[in-house]
Amino acid sequence: MFPPAMDVQRDRLFGALTRIVWMLDSPGSLGGYLGQLGRDHRKYGIVAEHYTAVGNALIATIRRFAAEAWNTEIEAAWVAAYTAAADLMIGSADADAGVSPAWWLAEVIDHELRAPDIAVLTLRPGQRLDFTPGQYVSVQTARWPRVWRTFSIANAPRADNTIKLHVRALPGGWVSTALARHTRIGDQLLLGPPVGTMALTDSGRDILCVAGGTGLAPLKAIVEQVIASGRRPGVHLLVGARKAVDLYDMADLVRMESGFPWLRVLPVVSEEPAYDGMRGRLPDVMERFHSWAEHEVYVCGPASMVNETVRRLQRAGIPPGRIHRDAIQGES
Ligand SMILES: NC(=O)C1=CN([C@@H]2O[C@H](COP(=O)(O)OP(=O)(O)OC[C@H]3O[C@@H](n4cnc5c(N)ncnc54)[C@H](O)[C@@H]3O)[C@@H](O)[C@H]2O)C=CC1
């Protein structure tokens, strides 16, 4: 079910276990997370019996390495936690099976290399793909069977069911390089179900979006949704790139801006002293530019940039509930 190189899969399993243990005290969020995880696992062909096999192997492994720390009480706690998690995943996979495919076949209908390493792909899934702006999908290419990598959907839902992905070819990134450099119009890709919890809230507040690199994708989808909603909040979209040549979506963003006067798009370049526009690192520019104390804020990009930006927003007194980010597994 999984690719020969298991590094990413192992990280994901460990990440999921860690998250389950941390979230045991908040069953509501744990249920939402495991529900998505269960639906997402359908694309591997996983069925209920596999959960029993994995649970037995997992608990045997922990027992062995825990050595003297292990006792019947701990074993019972692990079995209860694993069983509850597996039941939630199986239940949501079963419910999903009645209404949605396990994966989608999607045709590449457009492929533009917008910067030396960045491509924007337009895909047409063969079946209806319902999603919420801000969500992401896992993608598999024919070049790398069973290797899935996640990319955010970069548009709000469209009548023709097409979606766009923003892909930077990373050094050593199998899927990202295949998508950016070796994929052509007419190729078929596999998509997993849309997942992720970053979504537009209904607060009516003005909005700040801070986008680093291709982290622009889900934020552009959210801004499109604001525009389509008919609401008129003020929206500031800070778009960061290291070099001006990496501002790969400006033509589209400027078009959006001219059609929606409440939107201001602010490109920021961090590593090109001669750049004739706003220069600096995103968290610094964000602080310099304005006070965002009353805004709803959405942040996406490299993990270090997101962490730093969120830290500064919290320091400025913005409550955590108004800061929206998503943990997305990047290419490795
Ligand atoms: N392609 C997609 O659909 C999505 C991608 N992402 C993530 O977004 C990231 C995008 O990466 P690249 O385009 O390569 O971005 P990049 O490395 O070129 O950086 C983009 C911007 O972030 C700033 N930045 C980078 N590190 C920073 C730090 N430590 N502190 C402050 N600012 C920093 C840069 O100055 C620049 O403005 C990846 O980590 C990817 O996993 C997240 C969601 C969706």
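Residues are numbered from 1 along each chain as its sequence is written. Because the model is predicted, local features need pLDDT of at least 70 and side-chain atom pairs count only at pLDDT 80 or more, while totals for chains, interfaces and linings use all residues.

**Domains and annotations**

An automatic or database domain assignment, the source of the bounds used here, divides the chain into domain 1 (7-97), domain 2 (104-191) and domain 3 (207-324). The centres of domain 1 and domain 3, taken over C-alpha atoms, are separated by 36 Å. Helices (H or I, at least four residues) and strands (E, at least two) are DSSP runs, numbered from the N terminus.

| UniProt feature | Helix and strand content | Distance between end C-alpha atoms |
|---|---|---|
| domain: Globin, residues 1-94 | 79% helix, 0% strand | 19 Å |
| domain: FAD-binding FR-type, residues 101-201 | 8% helix, 39% strand | 28 Å |

Gly45 belongs to the loop between α2 (27-41) and α3 (48-66). A residue counts as buried if 20 or more other C-beta atoms lie within 10 Å of its own, as exposed if 12 or fewer do, and as partly exposed in between, with C-beta atoms placed from the backbone. Gly45 is exposed, since 10 other C-beta atoms lie within 10 Å. Between the C-alpha atoms of Gly45 and Ser258, which are 213 residues apart along the chain, the separation is 46 Å.

Two strands are taken to pair if DSSP finds at least two bridges between them. Six strands make up an open sheet with antiparallel pairing, in the order β4-β3-β6-β1-β2-β5. Because β4 and β5 stand at the edges and each has a single partner strand, one side of each is left without a neighbour in the sheet. Within the sheet, strand β1 (residues 104-115) runs antiparallel to strand β6 (residues 188-191) and is joined to it by four bridges, with Trp104 opposite Leu191 in β6.

Helix α5 (residues 174-181) has six of its eight residues buried, so it is largely enclosed by the rest of the structure. The buried residues are Val175, Ser176, Thr177, Ala178, Leu179 and Ala180. They pack against β2 (118-125), β3 (136-140), β4 (149-152) and β5 (163-168), where contact means that the C-beta atoms of two residues, placed from the backbone, lie within 7 Å.

**Strand β8 and its parallel neighbours**

All seven of the seven residues of strand β8 (residues 235-241) are buried, so the strand is largely enclosed by the rest of the structure. Strand β7 (residues 207-212) pairs with β8 in the parallel sense over six bridges, and Leu208 stands opposite His236. β8 also pairs in the parallel sense with strand β9 (residues 263-269), over seven bridges, and here Ala241 stands opposite Val269. From β8 the chain crosses through helix α7 (residues 250-259) to β9 in a right-handed β-α-β crossover, a term that applies if, with the strands pointing away from the viewer, the path from the first strand over the helix to the second runs clockwise. β7, helix α6 (residues 216-229) and β8 likewise make a right-handed β-α-β unit.

Terms used:
UniProt positions are given in the numbering used here, feature names are shortened, and annotations may be inferred rather than shown by experiment.
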